[in-house]
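Good morning. Please look at the sequence and the model while I talk.

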Amino acid sequence: MVGPFLALLISVPPVPGEGPSLEGETLAAVTIGAPPEDVRRLSQYVEMRRGEPFRAATVRHAVELFHATGDYEDVRVEAR
């Protein structure tokens, strides 16, 4: 087992006056917080790229796929 924790970091540019919903905002970056060998393997499950719109359903799907590997007990998503 690789470890009990994995982080998926999503960055969007700030929008003044907007509420907490990021749906539709342009992704500035998508990062997997894991060792390089795991990042290469897990990148195939991330269906979002810089410049694309943020979709909560796409993030949920990536988290489900990370869990399905059986290598992680906890997957956390951080949007900034």
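Start in helix α1, where Asp38 and Arg41 both sit, three residues apart, about one turn of the helix. Helices here are DSSP runs of H or I with at least four residues, strands are runs of E with at least two, and both are numbered from the N terminus. Before going on, note that this is a predicted model, in which local features need pLDDT of at least 70 and side-chain atom pairs count only at pLDDT 80 or more, while totals for chains, interfaces and linings use all residues. Residues are numbered from 1 along each chain as its sequence is written, and side-chain values use heavy atoms, with hydrogens and water left out.

Back to the pair. The side chains of Asp38 and Arg41 meet in a salt bridge, 3.9 Å from N to O. A salt bridge here is a side-chain nitrogen of Lys or Arg within 4 Å of a carboxyl oxygen of Asp or Glu. As a general point, side chains of opposite charge can pair when their charged atoms come close. Asp38 counts as buried, because its relative accessibility is 7%. The cut-offs are under 20% relative accessible area for buried, over 50% for exposed, and partly exposed in between, with a 1.4 Å probe and protein chains only. Arg41, at 28%, counts as partly exposed.

How many salt bridges does a search of the whole structure find? It finds three. One of them is between Arg55 and Glu23, where the closest N and O atoms are 3.9 Å apart. This pair also links distant parts of the chain: Arg55 is in the loop between α1 and α2, Glu23 in the loop between β1 (5-11) and β2 (29-33), and they are 32 residues apart. Arg55 counts as partly exposed at 36% relative accessibility, and Glu23 counts as partly exposed at 41%.

Now helix α2. This helix covers residues 56-68, 13 residues, and reaches 18 Å from its first C-alpha to its last, close to the 18 Å expected at 1.5 Å a residue. The expected span is 1.5 Å times one less than the number of residues. Its buried residues are Val59, Ala62, Val63 and Phe66. Seen down the axis of α2, they fall within an arc of 100°, so they line one face of the helix. The arc is taken from the directions from the helix axis to the C-beta atoms. On the other side of α2, Arg60, Glu64 and Ala68 are exposed. After α2 comes Gly70, with a positive phi near 80°.

Where do the buried residues of the helix go? The largest nonpolar core has twelve residues, among them Leu27, Ile32, Leu42, Phe54 and Tyr72. Four residues of this core, the largest share, come from α2. A nonpolar core is a set of buried Ala, Val, Leu, Ile, Met, Phe, Trp, Tyr and Cys residues joined through side-chain atoms within 4.5 Å. A search of the whole structure finds one aromatic pair. Tyr45 and Phe66 form this pair, which is edge-to-face, with 6.4 Å centre to centre and 75° between the planes. Rings of Phe, Tyr and Trp (its six-membered ring) pair if their centres lie within 6.5 Å; planes under 30 degrees apart count as stacked, over 60 as edge-to-face and the rest as tilted. Tyr45 lies in the loop between α1 (36-42) and α2, and Phe66 in helix α2, so the pair ties together parts that are 21 residues apart in sequence. Phe66 is buried, with a relative accessible area of 0%, whereas Tyr45 counts as partly exposed at 23%.

Last, the chain as a whole. The secondary structure comes to two helices and three strands, in the pattern β-β-α-α-β along the sequence. Buried residues make up 25% of the 80 residues.
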